[in-house]
Amino acid sequence: MAGQTAASTTDSAVISTRGLTKRYRGGQLAVDALDLSVPRGSVFGFLGPNGSGKTTTIRMLLGLIEPTEGGAVLLGEPMPRAARHVLPRVGALIEGPALYGFLSGRDNLLRYDAADPTADPATRTARVGHALERVGLAAAGSKKARAYSLGMKQRLGLAAALLQPRELLVLDEPTNGLDPQGMREIRSLVRELAGDGITVFLSSHLLDEIEQVCTHTAVMNRGRLITQGTVAEMSAAGARGKLAVTTPDTAEAARVLKERGVTDLVTEGDEITGDPPAADLAELNAALVEAGVRVRAFGVKRASLEDVFVQLTGEGFDVAG
Ligand SMILES: Nc1ncnc2c1ncn2[C@@H]1O[C@H](COP(=O)(O)OP(=O)(O)OP(=O)(O)O)[C@@H](O)[C@H]1O
């Protein structure tokens with residue numbers, strides 16, 4: 001089981017990079033001195049708008065392209081030098097799986113497995129059956145791959161990456177182009193795999209996806225690392241939460257809140273938000289009620305990763321595609 005193989009490397013970072021830099025031939029600085037540390041057992045969300053350098057980083061991590069400067073260590077081994085030795089322990093899905101549409105899902109996996117010189121032919125059928133089950137494609141295994149939905153194709157790609165036990169899965173934008181149902185399926189699969197002890201490193205330009213599925217995140221912008229840490233830390237410390245009061249008496253509520261030190265008040269419909277004061281929130285609520293404000297809801301909204309991104313970069317998280 002992957003959880004058992006995972007114990008073989010005790011170092012807590014499964015991916016670490018130092019000063020990892022890529023300048024493309026045209027002069028484009030795609031990744032700029034990146035120091036990344038991905039803890040073992042995490043679901044690590046590599047977040048950034050399109051063009052921020054995520055795919056370039058992943059390509060360097062997997063030894064597909066050479067860094068211009070700096071280096072990456074994968075499962076304790078330097079890349080790309082140790083690629084042959086390390087990559088069998090890593091499952092990867094980048095830019096969608098390469099599938100033969102005229103073959104069934106099962107036959108596609110049989111071909112992948114046959115291409116692996118370390119895979120024992122005697123146990124091939126069982127291995128492929130297990131991989132199909134793991135991604136929820138057992139019933140659709142004999143359907144032609146061209147009849148698969150995009151989400152099913154992604155799952156088949158994941159099955160291919162999971163034919164062998166892996167310590168680490170690297171997924172580049174695994175939900176890109178999927179409908180909401182397909183996205184949910186991939187997310188729950190990622191959670192299951194993490195539950196089995198596999199560290200998952202996934203890139204995404206979707207903030208809410210990272211918040212829903214990841215334990216840790218690193219945020220990229222224009223090739224540079226903006227911040228990294230646990231998702232909980234980011235939302236808690238990166239930006240303060242907003243006080244939100246729902247009431248039909250917005251004008252009176254705004255007056256009381258302002259008087260009590262709430263700043264940056266914004267009224268939208270029957271909701272007023274603002275930066276909470278240092279004072280006790282229970283007292284603030286009592287003051288509203290005392291002033292005759294009919295309070296329907298009162299609380300502090302957790303800051304989102306988007307708030308953190310905007311606060312740290314001074315830019316909106318504006319994604320083209
Ligand atoms: N082969 C290449 N040659 C030159 N420039 C490139 C090459 N590949 C990517 N770039 C540039 O490097 C920058 C980072 O691209 P990269 O694909 O790594 O970003 P990304 O965050 O993965 O974005 P996306 O989600 O759109 O793939 C972009 O400005 C891109 O245009």
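**Close-up views of strand pairing**

**View 1. Strand β10 pairs with β11.** Six bridges join β10 to strand β11 (residues 224-230), and the two run antiparallel. Strands here are DSSP runs (E, at least two residues), as helices are DSSP runs (H or I, at least four), numbered from the N terminus. Two strands count as paired if DSSP finds at least two bridges between them. Met-220 stands opposite Leu-225 in β11. Two residues lie between the strands of this hairpin, where Arg-222 takes a positive phi near 50°.

The model is predicted: local features need pLDDT of at least 70, side-chain atom pairs count only at pLDDT 80 or more, and totals for chains, interfaces and linings use all residues. Residues are numbered from 1 along each chain as its sequence is written.

**View 2. Strand β10 also pairs with β4.** Strand β4 (residues 43-47) meets β10 in the parallel sense, over four bridges. Phe-46 stands opposite Ala-218 in β10. Strand β10 (residues 216-221) is mostly covered, with five of its six residues buried (20 or more other C-beta atoms within 10 Å of a residue's own, C-beta atoms being placed from the backbone; 12 or fewer is exposed, in between is partly exposed).

**View 3. Four strands form an open sheet.** The order is β13-β14-β12-β15, with antiparallel pairing. β13 (263-268) and β15 (297-301) stand at the edges, each with a single partner strand, so one side of each lacks a neighbour in the sheet. The twist averages 20° from one strand to the next (axes are lines fitted to C-alpha atoms, for helices over the stretch in contact; angles run from 0 to 180 degrees between N-to-C directions).

**View 4. Strands β12 and β14 run antiparallel.** Four bridges join β12 (residues 242-246) to β14 (residues 271-275). Ala-244 stands opposite Thr-273 in β14.
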